[in-house]
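Subject: Structure handover

Hello,

Here is the structure I promised you. Please open it beside this email and follow along.

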Amino acid sequence: MRSVGVAQIITGSAAAVALLYFMRVILIPFVIAYVLAVLVAALVRFIQNRWAKAPAWAVSTFAGLIVITFAAGGIFAMGQGAARIVGEGPALLARLDQIVVDVGRSFHIAKPVHLANVIGSISVPQLAGQVFQGLQGLASGLLLMIVYFGFLLAGRQRIARKLAFAAGSSKRATVVRNAVARISTDIETYIWVQTVTGLMITAAAALVMLAVGLDNVLFWSVIFFLLSFIPNIGVTIGSIAPALFALVQFPTTWQALTIFVVIQIAATFVGNLVYPRMQAETQNIDPLVTMLSLAFWTVLWGLPGSFLAVPMTLMLMMVFAQFKGTRWITAMLSNDGKPEFPDDKR
């Protein structure tokens, strides 16, 4: 009987992963919309703590407009920046080719080494077509996300009542409400902290990029802010990318080194002094599990999966914690091995 149960778990897990993969076009905008809705709830609470007399509907509407405006503006800035980089493609390729030749000379290679010898020929029109297709997919995903976002904000109370009704008995309804509240609280804390600390580091990155005269600063700032949501490696990637483009843009290397060093200093300051003060103990996830979840969701959902890795893992941990047969999974995913289960408060 035990082998049958294990086989059912494996089969069910495989089916769930397959469903997540094949439904990713629909699920990714929905999950992003849910995360943005949670961010709106955190922003609403932040505003109400300072202006308690403000009407709740006005605060919710204002917070929703802020979040969706920043999201749409960021995507527009990314599209404009990507189009600009593609337009400057020939000049960038020529500069890259010169850098490769200089590196080859520094290693005393007799025959000049060109970019085409290293990575092959690059077709700028083909690259532009790929970027255009990507922007079209991004626009359609954005539209679907906005629709989801609007329905989630408008139907929060109705969804809560539906969950309570579907749970049946009052005891089960309490468990469901507590689980949903715990998931929302954990994700809200994570998103809010990552947003505030990400904005701090992004401000420092934007200032240093403006100071050295890097082109397309708005594009790189948006990219860096988004990368700051990727755990452990996002800030590092976000500091390397503009530094590499600084190498391409400028004939000297001090601009690239300055960008990289200043961003690393800002990230160290925020990570060691600001982040621990804001971070609650709700994100009880093992660091190794964080990296594994980052790899898993990236393979499953691509780049959006890397941004959603931690929120999705938090959701799964809370769901597994509700059932005695799967609580060992929550314990294995946790950092201290002693997660809080629903029965602990009874």
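Which residues of α10 are buried? They are Gly234, Val235, Gly238, Ser239, Pro242, Ala243, Ala246 and Val248. Buried means under 20% relative accessible area; over 50% is exposed, and in between is partly exposed (1.4 Å probe, protein chains only).

Before you go on, some ground rules. This is a predicted model, where local features need pLDDT of at least 70, side-chain atom pairs count only at pLDDT 80 or more, and totals for chains, interfaces and linings use all residues. Residues are numbered from 1 along each chain as its sequence is written, and side-chain values use heavy atoms, with hydrogens and water left out. Helices are DSSP runs (H or I, at least four residues), numbered from the N terminus.

Helix α10 covers residues 234-249, 16 residues in total. Its first and last C-alpha atoms are 23 Å apart. That is close to the 22 Å expected at 1.5 Å a residue (1.5 Å times one less than the number of residues).

Helix α9 (residues 217-227) is mostly covered. Eight of its 11 residues are buried. Among them are Phe219, Trp220, Phe224 and Phe225.

**The loop between them**

Pro231 sits in the loop between α9 and α10. Pro231 is buried, at 11% relative accessible area. Leaving aside neighbours within four places in sequence, Pro231 is in contact (heavy atoms within 4.5 Å) with Tyr190, Thr290, Leu294, Ser306 and Val310. Pro231 and Pro287 are 56 residues apart along the chain, yet their C-alpha atoms are separated by 9.4 Å.

**Helices α12 and α13**

Two packed helices are described by the angle and the distance between their axes. The axes of α12 (residues 287-301) and α13 (residues 303-321) come within 7 Å and cross at roughly 125°. Axes are lines fitted to C-alpha atoms over the stretch in contact, with angles from 0 to 180 degrees between N-to-C directions. The two helices are therefore oblique to each other. Under 35 degrees counts as roughly parallel, over 145 as roughly antiparallel, 65 to 115 as roughly perpendicular, and the rest as oblique.

On the α12 side, the contact includes Leu294, Trp297 and Trp301. On the α13 side, it includes Ser306, Val310 and Leu316.

**Ser306**

Ser306 lies in α13. Ser306 is buried, with a relative accessible area of 4%. Not counting residues up to four places away in sequence, Ser306 touches Ile230, Pro231, Leu294 and Thr298.

Best wishes
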